[in-house]
Amino acid sequence: VPPGAGTCYQQAKRVLHAAVPERLHGRERETGVIREFLRDHVCGRRPGSLYVSGAPGTGKTACVSRVLLDCQDELAGSKTIVLNCMSLRSPQSIFPTIAQRLGLPVTPAREGLRRLEQRLTAPGPMVLVVLDELDQLESRGQDVLYTLFEWPRLPGSRLVLIGLANALDLTERSLARLAAHPAGSPQLLRFPPYTREQLSTILRERLAQVAGDPILDAAALQFCARKVSAVSGDARKALDVCRRAVEVVELEVRSQTLLKPLPGGEW
């Protein structure tokens, strides 16, 4: 086996994981919109909401995470709460969860909601709440989503809300009442599926971090990008496919090494 071959496969599999990269290729516009929104609303002390939509694997969570990391210093004077709504027991449990993060005591539901509203409209630093998998908060009458998106509009509110969801039409379908108040309806940001060129660049950039000869050739990366872009444009799917391909190459190299004849032609 070439020196370090074992580690080069490990490295390749590591860089193909769906972590938050330093630079998000093909998402410069979206990253800029999110950064601008945070500067306008959190740093500018203007309550408001942003609704981020797009199919799975189009980079929504990665972009928001990247911007939050990059803007850490600017956001230092505010309170940031990041929640994945998949982890909640029910849509209604979002309120005690936020209250707990703000250091409020546990109280019965109705009383807790009133106290949370009071806290978010009392003087103090801005509160940024980022809710991933927002679709999970859909409920009968949509009272949970309405309450959340109406809070930034309350007099004295210091809430800035970012919601991420796969559904492109959640605001039209579930939050139609918000549209009746144009000033209060959320700003919308849609993430399109990745194109073939963008996917192949993402794969190339990830694998370029591994030293030595390329483990997967350019034609294989192009083929993967073409297939995934035709079906979904899901970058996570493309990274998964390539990670599996690396595992196959690794197994082949291992089996060839095991079957090599001993020096002197003996087996």
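## Terms and model

Helices here are DSSP runs of type H or I with at least four residues, numbered from the N terminus. The model is predicted.

## The second largest pocket

Three helices each supply at least two residues of the lining of the second largest pocket: H4 (94-101), H5 (109-121) and H6 (143-150). H5 gives the most, with 5 residues.

The volume of this pocket is about 280 Å³. Its lining counts 18 residues, and the closest to the pocket centre are Phe95, Pro96, Ala109, Gly112 and Leu113. By class, the lining of the second largest pocket holds 10 nonpolar, 5 polar and 3 charged residues.

## The sheet

The sheet is open and built from 5 strands. Their order is E2-E3-E4-E1-E5, and the pairing is parallel. E2 and E5 (187-190) stand at the edges. Each has a single partner strand, so one side of each lacks a neighbour in the sheet. From one strand to the next, the twist averages 15°.

Strands of a sheet pair through backbone hydrogen bonds, in a parallel or an antiparallel sense. E1 and E4 pair in the parallel sense over 6 bridges. In that pairing, Gly48 stands opposite Val160 of E4. E1 and E5 are also joined in the parallel sense, over 4 bridges. Tyr51 stands opposite Leu188 in E5.

H2 packs on the sheet and touches E1, E3, E4 and E5. The direction of H2 makes about 160° with that of E5.

## Strand E1, face by face

How many of the 6 residues of E1 are buried? The count is 6 of 6, so by the cut-off of under 20% relative accessible area the strand is mostly covered.

In a regular strand the side chains alternate between the two faces of the sheet. For E1, one side carries Gly48, Leu50 and Val52. The other carries Ser49, Tyr51 and Ser53. Both faces are covered, and all of these residues are buried.

H3 spans residues 60-70. Its buried residues are Lys60, Ala62, Cys63, Val64, Arg66, Val67 and Leu68. The list includes the charged residues Lys60 and Arg66. An α-helix has 3.6 residues a turn, so residues three or four places apart point the same way.

What do the buried residues of H3 pack against? One partner is a helix, H2 (28-43). The others are strands: E1 (48-53), E2 (79-84), E3 (127-132) and E4 (159-165).

## Two loop residues with positive phi

Arg45 lies in the loop between H2 and E1. Its phi is near 55°, a positive value in a residue other than glycine. Is Arg45 buried or partly exposed? Its relative accessibility is 48%, so Arg45 counts as partly exposed.

Glu133 sits in the loop between E3 and H6. Phi of Glu133 is also positive, near 55°, and the residue is again not glycine. Glu133 has a relative accessible area of 24% and is therefore partly exposed.

Note on methods:
Residues are numbered from 1 along each chain as its sequence is written. This is a predicted model: local features need pLDDT of at least 70, side-chain atom pairs count only at pLDDT 80 or more; totals for chains, interfaces and linings use all residues. Side-chain values use heavy atoms; hydrogens and water are left out. Buried means under 20% relative accessible area, exposed over 50%, partly exposed in between (1.4 Å probe, protein chains only). Contact means heavy atoms within 4.5 Å. Two strands pair if DSSP finds at least two bridges between them. Axes are lines fitted to C-alpha atoms, for helices over the stretch in contact, and angles run from 0 to 180 degrees between N-to-C directions. On a 1 Å grid over the protein atoms alone, a cavity is a set of points where a 1.4 Å probe fits but cannot get out, and a pocket is an open set with protein on both sides within 12 Å along at least five of seven lines; lining residues have an atom within 4 Å of a point. Grid points are joined across faces, edges and corners, and a volume is the space filled by probe spheres set on the points.
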